[in-house]
There are 2 protein chains.
Amino acid sequence: MNGADKPSRISHKELFVRKMTRDILSGKLNPGDRLPSERELAAELGIGKTVVHSGYEKLSNMGLVDIKPKSGVFVADYMKTGNIEILNAIVQLSGNELSREVTTGILDLRLAVEGMAFRELCLRRSEEDIAYLKRITGEIRNTADRAGEDELAERFFQWHREICILSGKSILTLFMNTAHDVSIAFWVNYLRMYGITFAIDRLERFIELIEARDGEGAYNLLAKGIDDYLARLENE
Amino acid sequence: MNGADKPSRISHKELFVRKMTRDILSGKLNPGDRLPSERELAAELGIGKTVVHSGYEKLSNMGLVDIKPKSGVFVADYMKTGNIEILNAIVQLSGNELSREVTTGILDLRLAVEGMAFRELCLRRSEEDIAYLKRITGEIRNTADRAGEDELAERFFQWHREICILSGKSILTLFMNTAHDVSIAFWVNYLRMYGITFAIDRLERFIELIEARDGEGAYNLLAKGIDDYLARLENE
DNA sequence: ATAACAGAACTGGTCTGACCAGATTTCATT
DNA sequence: AATGAAATCTGGTCAGACCAGTTCTGTTAT
């Protein structure tokens with residue numbers, strides 16, 4: 001019993017994927033290692049081969065394992081071949097705790113992606129864009145008290161994603177979504193560190209700069225915020 | 001020869017996913033539309049319900065559809081909620097042809113990601129790194145004649161990914177892999193446009209700059225290359 | 001002793017049909 | 001008209017059967 005009482009039952013596949021992810025990411029299994037065959041594993045875990053196959057397929061999509069058809073499944077050199085979904089898996093496993101390396105990496109990318117979005121949006125923003133951003137920012141302020149930590153993090157994520165959407169560069173939006181889970185973990189930490197009021201004030205400062213079409217200003221505010229966050233992380 | 005000779009038979013699931021992807025991306029189906037139930041579709045297409053389920057699952061992973069459990073499957077507002085895998089799907093559907101918007105978007109991101117990798121690598125590169133880069137570049141040159149278009153594109157992709165790996169910023173590598181398919185499409189076009197010799201010479205120029213620890217130089221060469229490519233694209 | 005080669009014993013890949021449980025609709029009862 | 005139980009939808013899961021390559025193994029011919 002229990003301990004991890006999940007109201008919604010966890011499927012065999014989900015359990016299997018988590019176990020394998022943990023074993024691989026923790027270093028218990030090393031790149032190149034051969035994994036048990038689908039049949040073996042199915043028998044050992046008392047589940048169907050189809051389930052194991054589906055699980056291996058998912059791990060393969062993340063880049064954690066390398067499936068050689070009709071031959072075997074091997075642990076992949078995932079830091080070479082994996083994709084960003086691995087980050088999301090890492091975050092979920094470690095319960096929203098981010099290592100420093102992951103944090104700085106993600107922030108570097110965020111600066112690149114969102115910085116570009118800010119600059120583009122400042123060039124093309126309409127009055128409607130400004131009104132819309134003000135409206136959703138107001139909504140965040142109004143519901144901040146009764147919103148949970150995760151929900152608030154989600155709202156901040158959506159606010160920044162909106163910048164990408166409004167910028168018209170749809171690639172940036174797709175990228176933001178790809179890094180969703182890891183972003184949420186970041187925002188939870190951020191909001192704990194700086195507090196809600198400070199964070200919302202910052203959103204409004206961004207809106208002012210966009211309204212003034214000050215792309216460089218918005219970029220610099222973003223860059224400065226990231227630097228500051230990393231500096232505080234160092235001093236912890 | 002050839003064109004589309006696929007030796008490996010295409011599975012029902014693959015066919016189904018492609019059809020749905022095409023219908024959604026082409027605008028034949030619109031965000032919010034309810035899709036047929038798994039059973040309906042299975043009967044209509046003469047395949048098993050599990051196959052349809054698995055297909056819907058894949059589409060959901062890409063962010064193309066929104067699965068409401070026990071309720072129905074709906075076309076998602078994918079430009080808002082989709083992730084980068086959608087790009088890969090777009091590329092595959094259009095037979096490696098890239099729209100201008102996708103191309104510029106991807107190149108913007110590449111500049112951000114690889115530019116950072118070049119700068120970092122110039123700071124920390126060892127003699128071994130240089131020797132390794134020279135070796136794999138030599139291999140590309142030696143095999144360029146007998147390699148197919150796609151294989152060569154893959155090798156160029158791997159070369160640039162190697163920059164990310166050697167830079168030590170593993171997040172950048174993960175990002176590169178996430179955009180793999182779309183990058184291959186880019187490199188195929190690039191190699192057609194500039195020719196193999198020019199492209200390989202350029203790799204060697206990069207190595208010289210890394211050896212000289214000239215991070216700015218490498219960044220500028222990358223930026224200039226991208227600008228030039230986009231300019232030529234305009235004039236086509 | 002060694003090389004070549006059938007065939008047995010693996011491997012992952014695909015698909016069907018059955019069953020589960022939550023969501024939704026229908027329709028008789030109040 | 002409002003209520004609520006039951007029928008009928010929905011996606012979610014799973015086991016087992018079959019397919020087709022790959023790899024190992026033991027025999028045979030040199």
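Across the interface of chain B and chain A in this predicted model, 4 salt bridges are found. In one that joins Lys169(A) to Asp108(B), the closest N and O atoms lie 2.7 Å apart. A salt bridge is counted where a side-chain nitrogen of Lys or Arg comes within 4 Å of a carboxyl oxygen of Asp or Glu, so the pair Lys169(A) and Asp108(B), with its 2.7 Å, falls under that rule. Polar contacts between chain B and chain A come to 14 residue pairs, with both residues of each pair at pLDDT 80 or more.

Which elements of chain B give two or more residues to the side that touches chain A? They are α4 (78-81), α5 (85-93), α6 (100-124), α8 (149-167) and α9 (170-178) of chain B. Sorted by class, this side of chain B has 14 nonpolar, 9 polar and 9 charged residues.

The extent of the contact can be stated in residues and in area. Chain B contributes 32 residues, and chain A contributes 33 residues. The size of an interface is often given as the accessible area lost when the parts come together. For chain B and chain A, the buried area is about 2700 Å², and 64% of it is on carbon and sulfur atoms. Three residues, Lys80(B), Ile171(B) and Leu174(B), supply 24% of the area that chain B buries against chain A, more than any other three residues.

The next point is how the two chains are placed relative to each other.

Strands of a sheet pair through backbone hydrogen bonds, either parallel or antiparallel. In chain A, 3 strands make an open sheet in the order β1-β3-β2, with antiparallel pairing. Strands β1 (34-35) and β2 (65-68) of chain A are at the edges and have a single partner strand each, so one side of each is left without a neighbour in the sheet. Between β2(A) and β3 (residues 72-75) of chain A, which run antiparallel, there are 4 bridges. Within this pairing, Asp66(A) is opposite Phe74(A) of β3(A).

What is the strand order in the open sheet of chain B? There, 3 strands follow the order β1-β3-β2, and the pairing is antiparallel. The edges are held by β1 (34-35) and β2 of chain B; each has a single partner strand, so one side of each lacks a neighbour in the sheet. Strands β2 (residues 65-68) and β3 (residues 72-75) of chain B are joined by 4 bridges in the antiparallel sense. Along these strands, Val65(B) has Val75(B) in β3(B) as its bridge partner, while Ile67(B) has Val73(B). The hairpin of β2(B) and β3(B) has 3 residues between the strands, and Lys70(B) in this hairpin takes a positive phi near 60°.

Methods:
Residues numbered from 1 in each chain as written. Chains lettered and ligands numbered in written order. Predicted model: local features only at pLDDT ≥ 70, side-chain atom pairs only at ≥ 80, totals over all residues. Heavy atoms only, no water. Contact = heavy atoms within 4.5 Å. Buried area = accessible area lost by both parts, 1.4 Å probe. Polar contact = N/O pair within 3.5 Å; in protein donor to acceptor, adjacent residues only side chain to side chain. Nonpolar A, V, L, I, M, F, W, Y, C, P; charged D, E, K, R; others polar. Pairing = 2+ DSSP bridges.
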